Amino acid sequence: MQTVHRLTLEDALVLLEAAEAEAERIGVKETICIADDGAHPIALHRMTGARLTGVEIAIAKAFTAAGHQRDTHKFNEPPNGPALPGNEAFGISHMHPGKFAIFVGGFPIVYEGQVIGAVGVSGGNGEQDKAVGAAALRAFEEKIAPRAAAASG
């Protein structure tokens, strides 16, 4: 038997706030999705001016990162990215049509060795999406994880 940790809406809002602040700092309009451990969205925020298509893309990135428990860009990192042509998972994105993203912008949220959710970011270039995702993950480590550890204490 194991203990299951869950993100709350209040947690997700902290992550969204940090992600949006970073997006504003670097001057990019992003859509940010926070998903739970089942890869379902808890919170979604499309910044004013962000592309309409970013909504579904951010959800797909969060779904993939939570469900497959890895950063989405790692599927295509040469030379061994498993989704690259000729590698073992080439075509994996067709397994969940419209929901499985194998490019930069999805990041699992890990607590005590367990993936408890994910962040999906869409709207910038790869480096911008990584920076915004990293801000959300930092907020988790600095604000949410310590509070959870103290509560289980």
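Predicted model: local features only at pLDDT ≥ 70, side-chain atom pairs only at ≥ 80, totals over all residues.
Mentor: Residues are numbered from 1 along each chain as its sequence is written, and side-chain values use heavy atoms, with hydrogens and water left out.

Trainee: Why is Ser122 called buried?

Mentor: Buried means under 20% relative accessible area, exposed means over 50%, and partly exposed lies in between, with a 1.4 Å probe and protein chains only. Ser122 has a relative accessible area of 5%, so Ser122 is buried. Ser122 is found in strand S4 (residues 114-122); helices (H or I, at least four residues) and strands (E, at least two) are DSSP runs, numbered from the N terminus.

Trainee: Which residues does Ser122 touch, not counting residues up to four places away in sequence?

Mentor: Contact means heavy atoms within 4.5 Å. On that basis Ser122 touches Lys29, Glu30, Thr31, Gly54, Ile57, Ala58, Lys61 and Asp129.

Trainee: What makes Gly106 count as buried?

Mentor: The relative accessibility of Gly106 is 0%, therefore Gly106 counts as buried. Gly106 lies in strand S3. Gly106 and Gly120 are 14 residues apart in sequence, yet 4.4 Å apart in space, C-alpha to C-alpha. Apart from neighbours within four places in sequence, the contacts of Gly106 include Lys61, Arg70 and Gly120.

Trainee: How do you know that Leu7 counts as buried?

Mentor: Leu7 counts as buried because its relative accessibility is 9%. Leu7 is placed in the segment before H1. Leu7 and Asp36 are 29 residues apart in sequence and 6.3 Å apart in space, C-alpha to C-alpha. With neighbours within four places in sequence left aside, Leu7 is in contact with residues including Ile34, Ile109 and Phe140.

Trainee: Why is Gln69 called exposed?

Mentor: Gln69 has a relative accessible area of 54%, so Gln69 is exposed. Gln69 is found in the loop between H2 and S3.

Trainee: What makes the phi of Gln69 worth a remark?

Mentor: Gln69 has a positive phi of about 55° although it is not a glycine. Most residues other than glycine have a negative phi, and most peptide bonds are trans. Glu112, in the loop between S3 and S4, also has a positive phi, near 50°. Glu112 counts as exposed because its relative accessibility is 56%.

Trainee: What kind of peptide bond joins Pro78 and Pro79?

Mentor: The bond is cis, with omega about 0°. Pro79 is located in the loop between H2 and S3.

Trainee: How many aromatic pairs does the rule give?

Mentor: Rings of Phe, Tyr and Trp (its six-membered ring) pair if their centres lie within 6.5 Å; planes under 30 degrees apart count as stacked, over 60 as edge-to-face and the rest as tilted. The count by this rule is 2 aromatic pairs.

Trainee: Why is the pair of Phe75 and Phe100 called edge-to-face?

Mentor: Phe75 and Phe100 are 5.5 Å apart centre to centre, with 70° between the planes; planes over 60 degrees apart count as edge-to-face, so the label applies. Phe75 and Phe100 are 25 residues apart, and each is in the loop between helix H2 (54-68) and strand S3 (106-111). Both residues are buried.

Trainee: What makes the pair of Tyr111 and Phe140 edge-to-face?

Mentor: Tyr111 and Phe140 have 85° between the planes and 6.1 Å from centre to centre. The angle is over 60 degrees and the centres lie within 6.5 Å, therefore the pair counts as edge-to-face. Tyr111 is in strand S3 and Phe140 in helix H3 (residues 126-152), 29 residues apart. Tyr111 and Phe140 are both buried.

Trainee: How do you know that the charged end of Arg70 sits over the ring of Phe75?

Mentor: A charge sits over a ring if NZ of Lys or CZ of Arg is within 6 Å of the ring centre and within 35 degrees of the ring normal. The charged end of Arg70 sits over the ring of Phe75, 4.9 Å from its centre.
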